[in-house]
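Let's walk through this model together, starting with a helix pair and then turning to a sheet. Keep the structure open beside you as you read.

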Amino acid sequence: MSQTQIETLDPASATLTLSLESSLYPRDILYAAAYVFLDRAYVLLDKKEGRFIVHLRGKLPVDEAALRAMAGEFANELLAQALRQRVVKANQRIIDDVTTLAIAGAAGGTPEHGSDDTLMIDEQNPAEDGFLDDPLGIATPWEPKKKDA
Amino acid sequence: MPPSSDRSTSATVKLHRALYVEEAIADAAATFADFAAFAVQSDGEHFVVDVTDINRDVDGDVVAEFCNFALANTAIRRKSDV
């Protein structure tokens, strides 16, 4: 028996039944693939004799070619989601680190390896920040003015 | 396949317990409570959902949309459990 196969196909009712080897496709991947189809088809999942059964019914009338295309797209989506999950797993550490850094930055914190000494703008002499010339004086800090007021 | 509720005011849906979360089904039932009455019970490997008093004036297939919501809710819950 193949990994993914069309069990039934009925253009009159716009229905399609697929069966998948459940040992090849984790449940999360099945959910992810099915989720993609929710906007254009009614989806019902079932399980029978070690295989996932996927019932699809198009929300709009479709012909046989469109139903066969839908079956192929579902199989492709399973593979795409499986790859996506593998990539996420392989890069989980990097994703966590980047997310932590972003949240720390947004919260005003500094990364563990940084400190206040690494501030790039000299508050006493902002013109020497090393970034841009400021011919219009836009970058004048407001703190000194506030003190004078 | 989700039974079409186009002509009938009642339908029965069987959702596999290994693939659908009961709370997700209950959430979907609550979402569609204005359009039909839902009774969920366990029966072996499935949750059996008896849908009655389906409002036929509603544009769309209430039972099939309910199944889609139950699936979407399950997928979201299972993902957040990881």
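In this predicted model, helix 1 of chain A meets helix 2 of chain A through A:Asp28, A:Ile29, A:Ala32, A:Ala33, A:Val36 and A:Phe37. On the side of helix 2 of chain A, the partners are A:Phe74, A:Glu77, A:Leu78, A:Gln81, A:Ala82 and A:Gln85.

How do the two helices lie against each other? Two packed helices are described by the angle between their axes and the distance between the axes. Here helix 1 (residues 27-37) and helix 2 (residues 64-90) of chain A pack at about 125°, and their axes are 9 Å apart. That angle makes helix 1 of chain A oblique to helix 2 of chain A. The crossing of these two chain A helices is right-handed.

Now move over to chain B, where three strands build an open sheet in the order 1-3-2, with antiparallel pairing. Strand 1 (11-16) and strand 2 (37-43) of chain B are the edge strands, each pairing on one side only. From one strand to the next, the twist averages 20°. Strand 2 of chain B pairs with strand 3 (residues 46-52) of chain B over seven bridges, and B:Val40 stands opposite B:Val49 of strand 3. Helix 1 (residues 22-31) of chain B packs on this sheet and touches strand 1, strand 2 and strand 3 of chain B. Its direction makes about 165° with that of strand 2 of chain B.

As for confidence, chain B averages a pLDDT of 89, and 88% of its residues score at least 70. For the complex, the predictor gives an ipTM of 0.89 and a pTM of 0.74.

Key: Residues numbered from 1 in each chain as written. Chains lettered and ligands numbered in written order. Predicted model: local features only at pLDDT ≥ 70, side-chain atom pairs only at ≥ 80, totals over all residues. Axes fitted to C-alpha atoms, helices over the stretch in contact; angles between N-to-C directions. Helix = DSSP H or I, 4+ residues; strand = E, 2+ residues; numbered from the N terminus. Parallel < 35°, antiparallel > 145°, perpendicular 65-115°, else oblique. Left-handed = near helix turned anticlockwise from the far one by under 90°. Contact = placed C-beta atoms within 7 Å. pLDDT = per-residue confidence, 0-100. Pairing = 2+ DSSP bridges.
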